[in-house]
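Dear colleague,

I am handing over a structure that I would like you to look through before we discuss it. The coordinates come first, and my notes on them follow.

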Amino acid sequence: MMLRGNLATRPFYNERVVALLLGLLAVVAVVLTLTNATRLMQLSSRRSALRAQTSADADAAARLRQNAVSVQSSVDASTLNALAGSAREANGLIDARTFSWTTFFSYIEDTIPMGVRLTAVSPEIEKGNITVTMLVMGRRVEDVATFMTALENTGAFYDARPTVADRTDDGLERVTVIVGYLPVAKDASAGGGR
Amino acid sequence: MTLWRRILAERRGVVVPLLAAVAVNVAVLVLVVFPLQASVTGDEERATAAQMALGEARRAERSATDTRTSKLRADEELKTFYTDVLPSNLAVARDLLYLQMFTLAKDAGLAFRSSSYEPEAVEGSALMRFRVDISLTGEYANIREFLYALETAEGFFVVESVKLGQSTSEGLGGSLEVVLSVATYYSNHSGAAPR
């Protein structure tokens with residue numbers, strides 16, 4: 001019969017397992033140390049870079065703002081207003097100068113019915129919008145209405161409307177027509193016409 | 001003594017330093033790395049805010065510079081317009097509306113009937129407006145030609161209105177009478193900058 005119990009006062013244990021566990025602990029310690037050290041270096045470096053960048057950005061922003069204020073103060077509001085007024089005036093004059101009577105009469109020639117005669121024209125240009133006032137004489141009211149419709153059908157005129165209408169001693173319908181005008185490129189030479 | 005205590009006692013020289021190293025690392029992680037991480041996050045937010053402020057300042061500066069550049073360019077263009085495009089004084093305006101108009105009308109085959117001239121100040125402006133109402137007679141094609149000549153002339157003519165009617169003159173049956181209102185503008189104070 002054999003004894004099952006261990007009667008040794010200092011029994012052997014598995015030293016390999018213990019060495020393995022200690023090795024693992026050592027690896028954990030080393031990994032933690034390396035991770036901490038790396039992270040600390042990265043964070044310190046990032047913080048320095050960010051602070052330097054923030055400081056540089058703040059300085060640049062302050063310089064730019066100061067420059068903007070200085071530039072703005074060199075352009076005072078009253079000068080700017082006067083300039084805007086002059087520019088408006090000049091643009092108005094240029095718009096009036098560039099109104100093409102040739103193109104306008106070309107449209108009129110294409111649209112005016114036989115029974116209607118144009119006796120006066122006056123364009124008015126405001127903020128780039130052209131309104132044309134025309135005095136027309138027609139044999140019949142229908143002729144004048146046809147003329148207004150024909151103008152609108154060209155696509156260059158809109159909102160044609162009579163404002164004053166009366167009958168002359170000769171029995172003609174005398175109508176003042178106001179119409180919006182948006183001239184588009186049109187082959188309009190000096191010669192043509194009826 | 002349990003087996004673990006025995007192992008700990010036998011390997012104290014290795015185990016204690018290792019445990020201390022792990023403990024120190026954990027302490028560094030909690031007390032240094034995490035706060036530093038939070039600090040860097042705050043710095044990143046501040047850096048983003050600073051960048052946005054810089055962008056805003058750049059836009060403000062660009063806007064101010066653009067305004068000044070536009071002003072200078074507009075100044076230059078207006079100067080050119082008022083001095084080179086518009087007649088410089090009444091004498092030049094008169095030449096335009098009197099001499100050149102007559103020449104153009106004659107070249108277009110229109111006959112002169114009458115004209116009236118009127119200089120007037122333009123309200124709220126340093127410009128004077130010089131206007132002529134000129135009455136001419138001729139064929140419709142001649143009138144079109146004259147209008148085309150005015151449109152394409154170098155001088156600053158503004159045709160303000162056109163009135164057409166049958167000519168009442170004897171011997172001109174079938175021809176038209178046209179009354180044109182034509183204006184030009186010149187500086188009120190010769191040599192002075194506008195406005």
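This is a predicted model: local features need pLDDT of at least 70, side-chain atom pairs count only at pLDDT 80 or more; totals for chains, interfaces and linings use all residues.

Residues are numbered from 1 along each chain as its sequence is written, chains are lettered from A and ligands numbered from 1 in the order in which they are written, and side-chain values use heavy atoms, with hydrogens and water left out.

Chain B holds four helices and four strands, where helices (H or I, at least four residues) and strands (E, at least two) are DSSP runs numbered from the N terminus. Read from the N terminus, the order of these elements in chain B is α-α-α-β-β-α-β-β. Of the 195 residues in chain B, 40% are buried, a word that stands for under 20% relative accessible area, with exposed meaning over 50% and partly exposed in between (1.4 Å probe, protein chains only). Among the contacts in chain B with a separation of 6 or more, 66% join residues 24 or more positions apart, contact meaning heavy atoms within 4.5 Å.

By class, the contact of α1(A) with α2(B) has 34 nonpolar, 12 polar and 12 charged residues, with Ala, Val, Leu, Ile, Met, Phe, Trp, Tyr, Cys and Pro counted as nonpolar, Asp, Glu, Lys and Arg as charged, and the others, Gly among them, as polar.

A second pair is formed by α3(A) and helix α4 of chain B (residues 140-152), whose axes come within 9 Å and cross at roughly 150 degrees, so that these two helices are roughly antiparallel to each other. On the α3(A) side the contact is made by Trp101(A), Thr102(A), Phe105(A), Ser106(A) and Glu109(A), and on the α4(B) side by Tyr140(B), Arg144(B), Leu147(B), Tyr148(B) and Glu151(B). Because 10 of its 11 residues are buried, α3(A) is largely enclosed by the rest of the structure.

Thr111(A) lies in α3(A), which covers residues 101-111, and is buried, with a relative accessible area of 10%. Leaving aside residues up to four places away in sequence, Thr111(A) touches Phe147(A), Ala150(A), Leu151(A) and Thr154(A).

In the largest nonpolar core, which has 54 residues, Phe104(A), Phe105(A), Met134(A), Phe146(B) and Leu180(B) touch the most other members; such a core is a set of buried Ala, Val, Leu, Ile, Met, Phe, Trp, Tyr and Cys residues joined through side-chain atoms within 4.5 Å.

Finally, Lys71(B) is found in helix α2 of chain B and counts as buried at 13% relative accessibility. Not counting residues up to four places away in sequence, Lys71(B) touches Val75(A), Thr79(A), Leu80(A) and Leu83(A).

With best regards

Note on methods: Axes are lines fitted to C-alpha atoms, for helices over the stretch in contact, and angles run from 0 to 180 degrees between N-to-C directions. Angles under 35 degrees count as roughly parallel, over 145 as roughly antiparallel, 65 to 115 as roughly perpendicular and the rest as oblique.
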